[in-house]
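Dear colleague,

I am handing over the structure we spoke about, and below it I have set out what was found. Please read the notes with the structure open beside them.

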Amino acid sequence: MKASKPAATSASKAAKPLPARAKSAASPGLRQRKQQETRERLKRAAMGLFLERGFEATTIDDIAAAADVSRRSFFHYFASKEDVVAAWQEDAAAALVAGILARPADESMLTAAENAIAAAVKRIDPTEAAAMSRLKRDNPALQARDQLKYEKLERALADGLAQRSGHKSDRLNARLVAMIATGAMRVGGESWLSEGTRDKPEAFVKRTFDAIRAILA
């Protein structure tokens with residue numbers, strides 16, 4: 001009977017590290033959340049300063065200070081100021097693709113794209129969107145990034161539309177609709193700005209897609 005005590009004690013000691021291992025397994029999730037929060041804080045601080053002061057007048061030190069992080073921490077998340085704008089655009093594109101995937105199955109590809117875009121622009125501040133568009137228009141480096149953004153967006157939309165369909169035979173149609181939708185966003189956005197942003201963005205989306213359907217009819 002006495003010999004059993006060391007075994008029980010040994011088993012007890014062996015069991016103690018388990019909570020530590022469980023905590024260790026959970027810690028990467030916590031780190032990831034904190035990193036995401038810091039990234040979002042940097043992005044919001046940067047966009048706010050860009051709109052307030054202008055892109056060129058805003059320094060990386062300004063962004064880091066506004067986000068309450070070090071300059072070194074900024075470079076842990078972004079390689080440059082241009083990368084902050086690109087990240088903002090990529091997040092918007094990801095949300096748009098998610099919106100397309102959530103559209104009802106009985107909608108055509110073009111209608112699904114239109115409704116997803118209209119829903120996406122409802123969530124943005126028109127004044128902020130107009131200011132950001134002007135910011136990109138007046139900066140050559142951001143213009144180049146904007147061109148790349150539309151190319152990536154077209155590919156993402158095509159993938160989203162094809163995934164929504166589920167038929168390989170629809171991939172060509174998905175690419176064509178993605179091209180049309182991306183062009184609608186680009187041309188429509190430029191027209192919205194040139195007309196003084198009088199219409200609500202979602203109303204302008206409808207006008208743009210109505211024009212597309214009239215051309216295709």
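Predicted model: local features only at pLDDT ≥ 70, side-chain atom pairs only at ≥ 80, totals over all residues.

A residue is called buried here when its relative accessible area is under 20%, exposed when that area is over 50%, and partly exposed in between.

The protein has an average pLDDT of 81, with 87% of the residues scoring at least 70. Confidence is lowest in helix H1 (residues 4–15), where the mean is 46, and it is highest in H3, at 95. Over residues 1–26 the pLDDT stays under 50, and the model has 0 contacts beyond four places in sequence for that stretch.

Leaving aside residues up to four places away in sequence, Ile 117 touches Leu 96, Ala 181, Met 185, Val 205 and Phe 209.

The aromatic pairs come to a count of 3. In one of them, the rings of Phe 50 and Phe 55 have centres 4.9 Å apart and planes at 50°, so this pair is tilted. In another, the rings of Phe 74 and Phe 75 have centres 5.4 Å apart and planes at 90°, so that pair is edge-to-face. Phe 74 counts as buried because its relative accessibility is 0%, whereas Phe 75, with a relative accessible area of 37%, is partly exposed. Ring pairs link Phe 74, Phe 75 and Phe 78 into a cluster. Returning to Phe 55, the charged end of Lys 81 sits over the ring of this residue, 4.5 Å from the ring centre.

One backbone detail remains. Most residues other than glycine have a negative phi, yet the phi of Asp 68 is positive, near 60°. Asp 68 is found in the loop between helix H3 (60–66) and helix H4 (71–77), and it counts as exposed because its relative accessible area is 68%.

With best wishes

Notes. Residues numbered from 1 in each chain as written. Heavy atoms only, no water. Helix = DSSP H or I, 4+ residues; strand = E, 2+ residues; numbered from the N terminus. Buried < 20%, exposed > 50% of the residue type's maximum accessible area, 1.4 Å probe, protein only. Contact = heavy atoms within 4.5 Å. pLDDT = per-residue confidence, 0-100. Phe/Tyr/Trp six-rings, centres within 6.5 Å; stacked < 30°, edge-to-face > 60°. Lys NZ or Arg CZ within 6 Å of the ring centre and 35° of its normal.
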